[in-house]
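Thank you all for coming.

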Amino acid sequence: MKKLLLIVFIFLLMGAVCAHDDANGTADHVLGDTESTSSIDDDGKTLEVGEGDYIQIGVDVDQSYSLNVYIDTKQSTINEDMDNVSHDRIDIPTSVVSGDDEVSLGLGRHNIVYEFKFTNTTSVYRPNAFVSDSVVYFEFEFIRTTKNPQNAIYRFTSQFNIINGSGPISQTLDLGDVNITRTDSLSFALRGLTSATVDVYLDGEFFDSFETDENPFEDEIDTTKLAIGSYNLLFIVETGKVRGEYTVEADGSKSMVSIKFARSKITSAQNKYLATINATLNVCEIPDVNEIYVDAPPVEVTYTRSVPIRFEGDDDGNLTVYIDGEKVYDSSILLTWENTVYIPTKDSNGNYFDEGVHDLTFEFTFSDRYATFKPEIREYNNVLTFDFTDSKATSSFVNDKYVIRSNLTIKDKATQFILIMSDASVTIVHTDDLNLKIDDLQGLYNLTVFVDDVEIYDEYTSLDEIGIKTFLARSSIEEVNERDIQVGTHTLRFEFDALYECDVDVEFKKGVLNFKFTKKDSNVHSDGIHYQFNTTLTVTEKEKTVHIVRVKNYTYFDDTEFIVMMDLYETEDDDDDDDEDDDEPLPVGTQDVGIIVSDDNGVVYRGDHLMNVYDVPEWNYEFENELLSKAGTYTMKIINLADNTYDTARFTVKKADRSFNRKYSSDDFNVQFTLDFSSCRSDLNAPCTIELDGQKKTINVKKGSSTSKREVLFEDVDPGTYTATFTLKGNEIYKDTVLQSKVTVKKEDPTVKYHTTGSNSLVVEIDIGKSKSGADLTVSAGGIVKKFTVDKDTKSLTVDFSELGSGTYDVDIDFGGNGRYNSKTIDGAIEITHQENPVPQHDSQPDEDENNAGEGDGNDDGGVGTGTGDSNVAGSGNGTYNGQISFNGKGFDGKLGTQGSGSGDGEGPKGYEITKNVVKQIDESANALLIVIIVALAIWILGFIYERRDDDEEEY
């Protein structure tokens, strides 16, 4: 027996080995796949989500992936393939899938698993996840590539609390009238918040939006295309979660809407704020120009000399200068310019104005159209200074022009110059200074320098070293350089007024033009000795000081990263910059740069940027793609405004993805989808097409300022499992969004019921009104089965059971089901009643070969029985009593056998069916018993044999 058990154990062991080999084979098949699980760093603070809110996540990765989310071990509604490489925000609903329904989670703590899957990838990442400002961020840092593609799964586990969602704290303000002219853009400013979204609506239609993490934030809303008239203007400002109590203030003066969130105290609880600011935007015609006349002192210049002027103030604008009514200067200006501006004294044909007295007129207009000025004009040594520091703010738009009138006297046309003869010429690099060295010119002298007959320097001085600017930097790309002597060859003229007569030698050496004055005598000439030196100035190309090393392209709502290197002209000393532990390099200075973005049709963006310059080889400059009107391929030009050198690079703004949440309900072969577009931006205005089971429906989705949910109903859908496809049409900013969801339409339960008529029949009522095919209906009672075919038009049918004998019978109504309706069975009873007939008596014997019915009364327990039989053949009969079967005894030659007995209620099957079933059960049981006996006998014999052998071995 022991050996038998050993054999059994060996067989079990072999089975385990085979199972192990199968498992190893499976493991070998997925050996190339990798999985990792890590927890999310929430800094010890469990994420809190309002009831019914979404969990916001951000993903930073460089390739496509699929995302599954499980909450409390159950599948959430997020189970999607992400086609793009990164997502600013993905909204995770706080609900799970239960069967075919979406069930919202209750209050309290919940476990969550984020599962990212990369299919057939050669990239290996170092995953990192953290929570910041109630957003869960996932970063996949690229480490290396693998030789063979693999499937990689990265799981992140965390918890979150669902709390009572009280909703944002709402505040509403009314600004009244906001006035702009038809050529103005409406300025917008937001202060007091580090993070907010702003949606702007005009007459109830979406108009513009901002998303900012800057404080303060300023931008412009392009209203220049609006017609003259009044519009309902609405700002909706929504904050993230903030710790504090805020009061919202707003102002709408000076063509600007300024919104301020003033914090009254800090709180431990986090709140969201929703501010609604209503206003009336009045687009007005530009008022007529209001000319303000101011008189200025006269000035005097020598023939061919320019008129030097200076400014004081803090505004910007435009200056136009006329001599005798002819325009000689027209340029944008800054009142903060510290350099002297020289107004030429020659006409549009290049001819100098003659000696004599001329009308000199200055016309100033300023950018600040909500301020008036009281200018003061001073003259010193024939230099005019325009002082506009005295200003006053106004509440209404002004269109003032300041016309300043003076007289210009041009004299000394016949002045004789002593020409300085020399072959020396000057060569400089573009934007470099013109460096002079004046040796042994004693006393005070006047030096005037002309380039291409344009005066660039005019000073009384005694200096022996002078640097003359050939380039004056601008701080904005919109400005015009006060001076920019371009690359090329120019005429260069120097004029000296000195007190002594001298011999003059000129030499250009090491980038410096040297004038050597040797005094001939000691006589002082009070009227001055005039010297003139004419030569050429060659300006060579400057090596560019800004370099775009490479570009990282992103989607429309991200920033394009330009890896930049730049030379810095002036470094900023920072005594506090001694922290060697700083992870990030600190800027050593800043440089104004101009940004020009172009496409194939021309310039699409011009702007300024204050570039941080680092003491490292390169750093990132991020360009805000939303400044462009659409996605596409562009050329970036970064101009160093300190020297006008630039570099260009091509970059591509990818179309952005957008997603929306969707769920469905199914009833009576109808499928209703509920689409939630709250995760989309406010500029949503696009058609959305839904396809299901060959049906297609298109709706136009316009988020607007109202609800963001839409319902779409599909009717007459056959039962089955489908893939619903949702296509949200893209545009110049967004890609087409194609999402899919599994939809299950179940069979419906039919309506089946009955009632008896009292005339040995019953009426079956059925409703399968949406069937597309027929179905079987079976009604049985007392061993009688009646079959029918029903369809959508069948409302009821009558079933007659008059052939049954009197009594009460069980009724089975069986609906077989079809493609749309489940099968269904209902039970009932029917009472059959007949008029009593006497039992006929049979005195004679039936013929030998004749089948005769045997009739007779049963005993008290058996009831009436009937039977048939052939001659010399056993016949059988049965009787009923209260619906139960009673077996009659068997008779011969057609004679009725002995009555059996029966009792109980209900209907029983035919006697022969019971006999058949009983025999079948006995046969099956007998077979099973026989098998058990044979197996037991075999085991006993084997055991006996081995036991005998053991005994024999012991005896031996």
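Let me begin with Lys225, which counts as exposed, since its relative accessibility is 73% and the cut-off for that word is over 50%. Please keep in mind throughout that what you see is a predicted model. The partner of Lys225 is Asp222, and the two form a salt bridge in which the closest N and O atoms are 3.5 Å apart. Asp222 itself is partly exposed, with a relative accessibility of 40%.

How many salt bridges does a search of the whole structure find? The search gives 32, and I will pick out two further pairs.

One of them joins Glu285 and Arg182, with 2.4 Å between the closest N and O atoms. Glu285 sits in the loop between strand S19 (273-284) and strand S20 (290-295), while Arg182 sits in the loop between strand S11 (169-181) and strand S12 (186-191), so this pair ties together parts that are 103 residues apart in sequence.

Asp718 is partly exposed, with a relative accessible area of 26%, whereas Lys772, at 57% relative accessibility, counts as exposed. Beyond such pairs, there is also a network, in which salt bridges that share partners join Arg305, Asp453, Arg493 and Glu495.

Now to the cysteines. A disulfide, in general, is a covalent bond between the sulfur atoms of two cysteines. A search of the whole structure finds zero of them. Take Cys688, which is in no disulfide, and whose nearest cysteine sulfur, belonging to Cys680, is 9.1 Å away; a disulfide would need the two sulfur atoms within 2.5 Å. Is Cys688 buried or exposed? With a relative accessibility of 0%, Cys688 counts as buried, while Cys284 is partly exposed, with a relative accessible area of 31%.

Let us turn to a sheet. Three strands form an open sheet in the order S56-S57-S60, with antiparallel pairing. Strand S56 (751-756) and strand S60 (796-800) stand at the edges with a single partner strand each, so one side of each has no neighbour in the sheet. From one strand to the next, the twist averages 20°. If you look at S56 and strand S57 (residues 761-767), you will find them paired in the antiparallel sense over six bridges, and Thr751 stands opposite Asp767 in S57.

Finally, consider Thr304, which is found in the loop between strand S21 (299-302) and strand S22 (307-312). Although Thr304 lies in a loop, it counts as buried, because its relative accessibility is 15% and buried means under 20%.

Methods. Residues are numbered from 1 along each chain as its sequence is written. This is a predicted model: local features need pLDDT of at least 70, side-chain atom pairs count only at pLDDT 80 or more; totals for chains, interfaces and linings use all residues. Side-chain values use heavy atoms; hydrogens and water are left out. Buried means under 20% relative accessible area, exposed over 50%, partly exposed in between (1.4 Å probe, protein chains only). Two strands pair if DSSP finds at least two bridges between them. Helices (H or I, at least four residues) and strands (E, at least two) are DSSP runs, numbered from the N terminus. Axes are lines fitted to C-alpha atoms, for helices over the stretch in contact, and angles run from 0 to 180 degrees between N-to-C directions. A salt bridge is a side-chain nitrogen of Lys or Arg within 4 Å of a carboxyl oxygen of Asp or Glu.
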